[in-house]
Amino acid sequence: MTELFTGAITMGSLVIALFFLRFWRDSRDRFFLYFALSFFIEGVHRLYSALHDAGGEDSPLHYLIRLLAYGLILWAILEKNLPKTKARR
C-alpha cells in the first residue's frame with residue numbers, strides 16, 4: 001500500500017510541476033519557474049527513494065533535498081513580495 005501512495009505522490013508532484021511550467025511559459029514569471037523546479041525536485045526525489053531506498057528516509061540527504069525544494073518555494077514567495085528596486089542609469 002505504501003508503494004501506491006508513493007506513486008500517487010510522485011505522479012501528483014510531476015503533474016503539478018508541468019502545470020507550473022506551463023504557467024511560466026505563458027507569463028515568463030520566475031515565481032512559476034521556482035514552483036515548477038520545486039515540485040519537479042520533490043517528484044524525482046520521491047521516485048528515487050521509492051525505487052532505491054525501500055522507505056529509509058532517515059538519512060540527512062533526504063532532508064537536504066526536501067529543504068532545497070521547500071527553500072525554492074520560500075524564495076519564490078519572498079522574491080515576489082519584495083519591493084522592486086529601480087534600475088540605475
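Tutor: A salt bridge is counted when a side-chain nitrogen of Lys or Arg lies within 4 Å of a carboxyl oxygen of Asp or Glu. The model is predicted, so local features need pLDDT of at least 70 and side-chain atom pairs count only at pLDDT 80 or more, whereas totals for chains, interfaces and linings use all residues. Residues are numbered from 1 along each chain as its sequence is written, and side-chain values use heavy atoms, with hydrogens and water left out.

The structure holds 4 salt bridges. In one of them, E79 and R30 meet through their side chains at 3.5 Å, N to O. This pair joins distant parts of the chain, for E79 belongs to helix 3 and R30 to helix 2, 49 residues apart. Helices here are DSSP runs of H or I with at least four residues, numbered from the N terminus. E79 counts as buried at 19% relative accessibility, where buried means under 20% relative accessible area, exposed over 50%, and partly exposed in between, with a 1.4 Å probe and protein chains only. R30, at 47%, is partly exposed.

D29 forms a salt bridge with K80, and their closest N and O atoms are 2.5 Å apart. Here too distant parts are linked: D29 sits in the loop between helix 1 (2-27) and helix 2 (30-52), and K80 in helix 3 (residues 60-81), 51 residues away. D29 is partly exposed at 22%, as is K80 at 46%.

Within helix 2, R46 and E42 are 4 residues apart, which means a separation of about one helical turn. Their salt bridge has its closest N and O atoms 2.9 Å apart, and both residues are buried. A network of salt bridges links E42, R46 and R66.

Technical notes
Helices (H or I, at least four residues) and strands (E, at least two) are DSSP runs, numbered from the N terminus.
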